[in-house]
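Morning, everyone. I will go through one structure today, and I will keep to what can be read from the coordinates.

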Amino acid sequence: MCKLCDEGKPQNHWNPRRGFLKAAVASGAAAGSMALFSSSAAASKGGPDRGPAGSGLPGRNYVIRGSAVLSMDKRVGDFESADVLVTGNKIAAIGPNIPARGLPEIDARGKIVMPGFVDTHHHLFETALRSFLADGLLFDGLDANITQNYFQKILLAFAPVYRPQDVYINTLFGSLAQLDAGVTTVHDISQIHHSPQHSDATIAALRASDRRAVFGYFESAGGVAGNQYPQDARRIRRQYFSSSNQLLSMFMGGEIYLPGYEAAWQLGRELGLPIACHIVGTFGMRPTFDALAVKDFGPDNLFIHVTGMSDYAWQRVKDTGAGVSLAVPIEMNMAHGTPPIIKAQQLGIRPSLSTDVECTLTADMFTQMRTTMALQRMFVNANKLGEPHMPPTDGVNLMTTREVIEWATINGARDLKLDRKVGSLAPGKEADIVILDAEAINVAPLNHVPGAIVSLMERSNVETVIVAGKVRKWKGQLLDVDLPKLRRELEASRDYLFAAAGIPRNLFRAP
């Protein structure tokens with residue numbers, strides 16, 4: 001954020017010359033943005049219903065008292081009961097009985113304090129289409145009984161009719177929903193860049209959600225005429241991402257199944273941007289991926305899914321230090337291919353976790369962790385029991401709850417090039433923190449911290465969420481957000497999208 005935003009004086013960063021501001025005002029999107037900050041004066045005062053006054057601002061300090069602390073940092077360690085001192089936007093100290101007389105305190109007794117979750121791949125623009133493809137697959141023809149599928153319905157029917165104001169409210173609402181679930185960082189795989197106004201709307205929404213986000217500049221889904229992908233990356237990079245001292249950063253999208261992807265990769269590297277793409281076996285990408293593996297992989301790559309790829313390509317992923325993002329529940333549901341958990345582990349690759357699409361499945365990280373751990377352990381246990389047709393798991397140990405939390409936190413921060421800032425709790429890192437209720441009826445009594453987080457908890461246990469020192473959710477409620485108003489705007493966007501795409505709304509339609 002800019003200096004004035006950091007001081008609690010939100011500024012309008014949109015470029016009215018691009019025409020989006022006028023459209024957004026007409027649609028109510030700008031009003032939705034203003035609603036986020038309608039209580040900024042109250043926020044500066046703090047109080048029992050808001051948390052420490054001025055949290056996240058320079059010189060504003062507070063201490064989180066008496067919690068179990070899961071730091072995810074081996075140098076810091078874990079504590080059955082300790083304090084976390086936050087100074088401005090950073091963690092200043094972690095340990096028992098930190099002397100902080102006179103500072104505001106958050107009473108965290110009976111709670112768990114841990115790093116915020118990091119989602120390395122999520123399509124926020126699809127929020128209005130939640131659950132539409134709960135039965136769906138990747139594309140038509142995979143199963144004759146499933147006719148509502150992702151490629152044909154989402155990317156070719158819905159996506160091309162999105163207006164900038166639809167992009168804005170979908171991205172904003174979905175981002176706030178993840179914040180509510182303790183996901184403090186997201187990589188927004190934004191495949192909706194039909195015009196510069198669509199791009200500006202995405203960035204405006206990510207800013208308005210006031211959490212950490214990586215803006216993934218991907219293509220115009222459906223190839224809408226007039227789109228300026230990938231060349232508009234130069235303007236976007238210059239206009240919005242000239243500083244590294246902000247909550248937003250940028251990746252370049254370079255889907256290898258699209259003609260001309262080479263230009264996106266070249267431009268991304270010219271601009272110094274990491275390059276991300278989906279790698280899916282059922283899309284027939286293996287030959288292209290093998291060819292790229294010879295000389296084009298690098299530590300600036302983030303490969304998503306990586307299902308059905310050759311041993312050679314996997315070895316090159318390992319050798320070049322490229323990142324791997326797995327969306328295990330989606331991969332299992334939508335026919336991406338078998339999630340390559342075992343392959344990654346055998347090579348010593350440490351993947352991150354991602355939620356992918358809410359048109360099919362929920363976007364919380366508790367679901368991702370539980371599913372990933374259950375599938376990995378099924379493979380390993382089945383081989384121990386001598387069951388046939390399992391992938392070999394030689395040299396792979398059973399996944400533990402702590403390990404899968406690493407995938408959902410520090411591994412994600414590393415893959416998004418943010419691990420120097422976030423992903424673990426340590427002095428000097430930015431204070432992206434979640435406080436989880438371990439006294440809730442679905443968790444108490446607390447007997448094992450990683451176990452409770454992975455095996456028992458869900459969204460309702462996320463009591464407080466802090467991003468860069470600023471309290472964004474306090475005692476179960478998002479702050480400075482008019483959710484009823486934003487929900488009405490999202491519903492209006494949904495109604496428009498269905499009508500414009502020519503798809504009837506039927507709450508009980510066949511798959």
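Predicted model: local features only at pLDDT ≥ 70, side-chain atom pairs only at ≥ 80, totals over all residues.

Salt bridges, then. Side chains of opposite charge can pair when their charged atoms come close. In this structure there are 26 salt bridges, and I will pick out a few.

Start with aspartate 166 and arginine 163, whose side chains form a salt bridge at 2.8 Å, N to O. Arginine 163, with a relative accessible area of 28%, is partly exposed.

The next pair is lysine 470 with aspartate 210, again a salt bridge, at 2.7 Å from N to O. This pair links distant parts of the chain, 260 residues apart. Lysine 470 is in strand S16, residues 470-474, while aspartate 210 is in the loop between helix H7 (196-209) and strand S8 (212-217). Lysine 470 is partly exposed, at 30% relative accessibility. Aspartate 210 is buried, with a relative accessible area of 8%.

Third, arginine 234 and glutamate 270 meet through their side chains in a salt bridge of 3.2 Å, N to O. Arginine 234 is partly exposed, with 39% relative accessibility.

Those were pairs. There is also a network of salt bridges that links Arg65, Asp83 and Glu105.

Now to helix H10, which covers residues 286-295. Which residues are buried in H10? They are Phe289, Leu292 and Ala293. Looking down the axis of H10, the buried residues fall within an arc of 110°, and therefore they line one face of the helix. The face turned away from that buried side carries Pro287, Val294 and Lys295, which are exposed. As for what the buried residues of H10 pack against, the partners are H9, strand S10 (275-279), strand S11 (301-305) and helix H11 (311-320).

Last, the empty spaces. Rolling a probe the size of a water molecule over the atoms shows where empty space is left. Searching the whole structure turns up two cavities of 30 Å³ or more.

The largest cavity has a volume of about 200 Å³. Its lining is made of 18 residues, and Leu138, Tyr150, His278, Phe283 and His336 lie nearest its centre. Which helix gives the most to this lining of the largest cavity? That is H5, with three residues. Helix H5 (150-158) and helix H12 (328-334) each supply at least two. By class, the lining of the largest cavity comes to eleven nonpolar, five polar and two charged residues.

There are pockets too. The second largest pocket has a volume of about 410 Å³. It is lined by 21 residues, with Arg130, Ser131, Phe132, Phe498 and Leu507 nearest its centre. Helix H18, residues 483-501, gives the most to the lining of this second largest pocket, with five residues. The classes in the lining of the second largest pocket are eleven nonpolar, three polar and seven charged residues.

That is what I have. Questions are welcome.

Terms used:
Residues numbered from 1 in each chain as written. Heavy atoms only, no water. Salt bridge = Lys/Arg side-chain N within 4 Å of Asp/Glu carboxyl O. Buried < 20%, exposed > 50% of the residue type's maximum accessible area, 1.4 Å probe, protein only. Helix = DSSP H or I, 4+ residues; strand = E, 2+ residues; numbered from the N terminus. Arc of directions from axis to C-beta. Contact = heavy atoms within 4.5 Å. 1 Å grid on protein atoms, 1.4 Å probe; cavity = no way out; pocket = protein on both sides within 12 Å on 5 of 7 lines; lining within 4 Å. Points joined across faces, edges and corners; volume = space filled by probe spheres on them. Nonpolar A, V, L, I, M, F, W, Y, C, P; charged D, E, K, R; others polar.
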